[in-house]
Structures are given as structure tokens and as C-alpha cells.
Amino acid sequence: HDVNEGNLQDKNNKLDIDVRDVHGGESFLARLGFYYVEGADGQPQQFAWPSIHHELSHDSYVALKGRQIPADDPQTLSPGETKTFKVFDAQGARELSYDLTYVKMERQGEVGQVGTRFLADLVVGTPGGTKLSSKPGMEIGSGGGPQLLPALIDADFFVTLMRMDAADKSVTLQLNYVRPLYEVDFFYKPMVILVWLGAGIMTVG
């Protein structure tokens, strides 16, 4: 399927999912209600409702279970340490392994000043065997809290610096999907029209 997210802050937003039968059967556009509001704890809270596609012989229900951006659990690395991050490639339906080596922490700017950046210098070993440099980081914002600076690894995944420890120089990293992963439930209900016909006959009779 293909997905168009729309505006996730609009309460009238529709999540468009292009549903196609892999065997060449019917195809249709499922339009699910989907948006976020700020919860009581200040974190985004998801709202969604299903889409129903009607045919003479059946109804198809598409319901959203969740929207996933993190591709793996966070892992903590010390300077010079390498860890393997295993992620699921939804398009290829396979597991991929990325080896992340944390080289050192870099600082751009003065400690405690707005705009100062802390970057984790990484070497990433890709599933294809190549190695590349990546530097996810944090920046001190005007409110005093850190702003995450994600770093793209390839067309499918990016890495974020979730936490850093000034005492032991360790960092906590997480791999994420560039394109969010959507988990949906699909329900096929045959001959729904007979229910309505039966109700109509009983009403007339």
C-alpha cells in the first residue's frame, strides 16, 4: 500500500491508504480519520477511526492500530564500543542489521550557551557491507532543553542521539524509520447487504 499522511494536527485530517489486492483483484482508497492532539502530559496523543469500503458482495474495514517511527530499542554505547541494531524492513519483509560504532563526542560552541551542539561521531556498518560516517546530536535550545538533531543513514533509516552522559561520555542511540511504519487491521465481511435487506423485509412485512 501507499500512504499519504496529510496534516497530522488537523482534526479533519484523513490518512489515505491505497489498498491493492496482490492477486490482481479489487483496489480502493481507504480514508482513515487520523490526527494528533497534545495530551495532559504534554505528549502527542493519537486519534483514529476506521474506513469502510462497500461492495455488493462484501464490506472491507481498514482500522489503524498505530504509527511507528522507532525501528529498534535504544542502546547505550561507550566510546569505542560497537553494537548491532536489528531493524525490520517492511518493504522487503526482512530483518536488517546495522553495526554502529561510537567514536567520540564532539562539541560545537560553548558549554551552556544557546545553540551549542553535541554530536556523536559514529561509524555505521550497513547491511550491504559499506561503512559511512554519521553524526546525530543535540542542540541547546532557548528554553534550556535539548533539541534533537537526527542524522540520516540511508533512504530508509535515520539515527537519533536520545541521551548522553557527561560523566562517562556514553550515548544512547536509536534507529528510526524515515517513512513511518503503519500497523493496520483489515476486516472482510461478506454479504453485509443481506443484513440490510433482511431488516427492510421485516420492516415492510
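Start by selecting Arg31 and Asp16: they form a salt bridge, with the closest N and O atoms 2.7 Å apart. The term means a side-chain nitrogen of Lys or Arg within 4 Å of a carboxyl oxygen of Asp or Glu. This pair links distant parts of the chain, as Arg31 lies in strand β3 (residues 27-38) and Asp16 in strand β2 (residues 14-20), 15 residues apart. Strands (E, at least two residues) and helices (H or I, at least four) are DSSP runs, numbered from the N terminus.

Before moving on, a word about the model. It is a predicted one, where local features need pLDDT of at least 70 and side-chain atom pairs count only at pLDDT 80 or more, while totals for chains, interfaces and linings use all residues. Residues are numbered from 1 along each chain as its sequence is written, and side-chain values use heavy atoms, with hydrogens and water left out.

Now show the surface around your first pair. Is Asp16 buried or exposed? Asp16 is buried, with a relative accessible area of 14%, whereas Arg31 is partly exposed at 44%. Here buried means under 20% relative accessible area, exposed means over 50%, and partly exposed is in between (1.4 Å probe, protein chains only).

How many salt bridges does a search of the whole structure find? The search finds 8. Select Asp89 and Arg94 for one of them, at 3.2 Å from N to O. Asp89 is buried at 11%, and Arg94 is partly exposed at 48%. Next pick Glu106 and Lys135, whose side chains meet in a salt bridge at 3.1 Å. Glu106 sits in strand β9 (residues 94-108) and Lys135 in the loop between β11 (131-134) and β12 (137-140), so the pair links parts of the chain 29 residues apart. Lys135 is partly exposed, with 36% relative accessibility.

Then turn to the nonpolar side chains. In soluble globular proteins, nonpolar side chains tend to be buried together. Select Tyr98, Leu100, Leu122, Val159, Leu173 and Leu175, the residues with the most contacts inside the largest nonpolar core, which has 21 residues. A nonpolar core is a set of buried Ala, Val, Leu, Ile, Met, Phe, Trp, Tyr and Cys residues joined through side-chain atoms within 4.5 Å. The elements giving two or more residues to this core are β8 (82-89), β9, β10 (117-125), β15 (157-164) and β16 (171-190). Zoom in on Leu122: not counting residues up to four places away in sequence, its contacts (heavy atoms within 4.5 Å) include Leu100, Tyr102, Leu132, Pro136, Val159 and Leu173. For a second, separate core of 12 residues, look for Leu15, Leu32, Phe34 and Leu64 among its members.

Now colour strand β16 and look at its partners. Two strands pair if DSSP finds at least two bridges between them. Strand β6 (residues 58-70) pairs with β16 in the antiparallel sense over 11 bridges, and Tyr61 has Phe187 as its bridge partner in β16. Strand β7 (residues 75-77) also runs antiparallel to β16, joined by 3 bridges; there, Gln75 is partnered by Leu173. β15 and β16 pair antiparallel over 7 bridges, with Thr160 opposite Gln174. In the hairpin of β15 and β16, which has 6 residues between the strands, find Lys169, with a positive phi near 70 degrees.

Finish at Leu148 in strand β13 (residues 146-149). Leu148 is partly exposed at 43% relative accessibility. Which residues does Leu148 touch, not counting those up to four places away in sequence? Leu148 touches Gly137, Met138, Leu161 and Met162. The C-alpha atoms of Leu148 and Thr160 are separated by 7.0 Å, with the two residues 12 apart along the chain.
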